[in-house]
Amino acid sequence: MAADTSHPVFTQQGPGTAQGPTLPASGAIRPPSELDRGRVENGQVLFDNWKGMADKPDPALPAPLPPAQRVGFAIVGLGRLALGEILPAFNECKLARPVALVSGSPEKARTVAAQYGIEAVYGYDEMNRLAENAQVQAVYLVTPNGLHAEQLRAAAKAGKHVLSEKPMANNAEQARQMIADCEQAAVKLMVAYRCQYEVFNREAARLVQSGELGRARVIEASNTQVQGPAGQWRLNAALAGGGALPDIGLYCLNGVRAMLGEDPIELYAQVVNPQGDPRYTQVEETISFMLRFPSGAIANCSTSYGAHESKDLRIHLELGKLDLENAFAYRGQRLRIAHRHGSAEAVDELRLGAKNQFALEIDHFADCILNGKSPRTPGEEGLQDHLLMEAIYCSARENRPVAIDWASEHSPVRQ
Ligand code: NDP
């Protein structure tokens with residue numbers, strides 16, 4: 001049979017022979033070079049780039065503060081978000097650490113405290129005692145929306161900075177009061193709009209606002225999921241403030257505003273509730289709203305508790321299209337940019353180093369506290385969304401477009 005010559009055949013030759021590859025020599029072990037050992041500058045360990053110019057360099061090394069110097073947080077409410085995302089995210093924080101829990105469920109609180117090595121545990125009616133705990137500098141409100149205002153007041157009175165989950169309240173009136181309470185107590189207030197700290201959303205917003213792809217003309221944003229049984233607080237108006245809109249549609253509203261860097265001047269909305277479904281007697285199942293912006297951009301936003309999960313954002317610009325898949329999800333973002341490539345269409349995918357967006361958000365607030373900065377998403381950002389959500393409900397209720405004059409005291413969003 002003839003030899004198969006379609007594949008090269010390697011035969012081992014002695015090291016250094018002219019005929020074959022050189023095998024590694026067993027040289028003497030030498031101490032690390034500065035390139036390998038790194039160095040310490042201003043309390044941080046630095047390494048020079050060890051990769052060639054063609055490859056992206058490694059991100060900067062994490063430089064966490066020593067635990068005792070980090071901002072101590074009390075986590076208020078031990079529900080799914082607090083246990084599933086927020087407490088685990090502190091492991092990736094560099095400036096913050098969890099030091100106390102506030103809960104209405106003593107057994108659960110004891111269990112979680114043991115899991116995370118947290119000693120201080122309070123009930124909701126003991127939040128005034130936070131004032132005595134110098135380790136606690138901030139509280140993170142992770143309870144149902146309708147409870148945030150009262151818990152914020154207790155935290156602010158105890159002299160603690162407040163990070164509130166979104167939506168910050170049930171309505172604009174509560175949001176205004178929360179801002180006033182924090183001002184009076186001279187503490188900082190931030191709303192946990194995690195997507196504004198997430199790296200793919202940040203890059204998409206940068207691309208849109210840089211003008212590199214021309215002006216944004218049309219945006220599509222959707223945030224849908226299928227809601228389970230009755231009996232959950234999200235279906236109770238007093239605790240939730242609304243249905244799909246404040247819970248998940250808010251990501252479309254706030255996301256579109258953050259992408260464009262402007263506020264809408266007119267909107268139109270429609271609500272649809274399934275007939276005879278007892279879950280939707282107090283809050284809406286599905287709502288779709290259109291926003292018109294001063295730049296001329298239009299956003300079509302849809303949110304529903306009755307449609308299979310999708311959390312995507314698409315931005316059509318003059319010179320290209322951005323697709324941000326899983327824009328509003330906890331993870332799994334993908335950013336694709338379509339644009340003309342000569343006589344063809346090109347689609348580039350940006351592979352950014354994903355980071356835990358909850359950790360980025362918490363560290364941002366800790367940085368504001370440590371260094372006297374203002375949060376990127378302050379209480380006023382949450383109030384703006386509440387005003388807009390009230391205008392969206394008004395439009396749907398009255399079946400008419402609602403114009404918003406931000407400068408006018410008589411604007412519908414200011415009622
Ligand atoms: P859960 O229903 O999972 O947990 C809420 C927890 O709040 C409960 O377990 C309970 O904790 C406490 N609680 C106190 N009073 C009540 C009450 N009357 N009814 C129900 N719960 C009560 O809610 P989530 O964790 O999903 O949501 C909490 C907050 O986080 C909301 O504001 C929500 O909008 C926001 N959220 C934000 C997300 C994001 O991606 N940023 C995602 C999900 C939610 P305990 O037993 O310890 O008292």
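Tutor: Happy to! Across the interface of domain 1 and domain 2 there are 13 residue pairs in polar contact, both residues at pLDDT 80 or more; a polar contact is a pair of N or O atoms within 3.5 Å, where within protein one must be able to donate a hydrogen and the other to accept it, and residues adjacent in sequence count only if both atoms are side-chain atoms. On the side of domain 1 that touches domain 2, the elements giving two or more residues are helix H2 (80-89), helix H5 (172-185) and strand E8 (189-191). Helices (H or I, at least four residues) and strands (E, at least two) are DSSP runs, numbered from the N terminus. H5 supplies the largest share of that side, five residues.

Now the charges: the rule finds two salt bridges across this interface, a salt bridge being a side-chain nitrogen of Lys or Arg within 4 Å of a carboxyl oxygen of Asp or Glu. The side chains of Lys 166 and Asp 247 meet in a salt bridge, at 3.6 Å from N to O.

As for contact (heavy atoms within 4.5 Å), 21 residues of domain 1 touch 25 residues of domain 2.

A word on the model: it is predicted, so local features need pLDDT of at least 70 and side-chain atom pairs count only at pLDDT 80 or more, while totals for chains, interfaces and linings use all residues. Residues are numbered from 1 along each chain as its sequence is written, and side-chain values use heavy atoms, with hydrogens and water left out.
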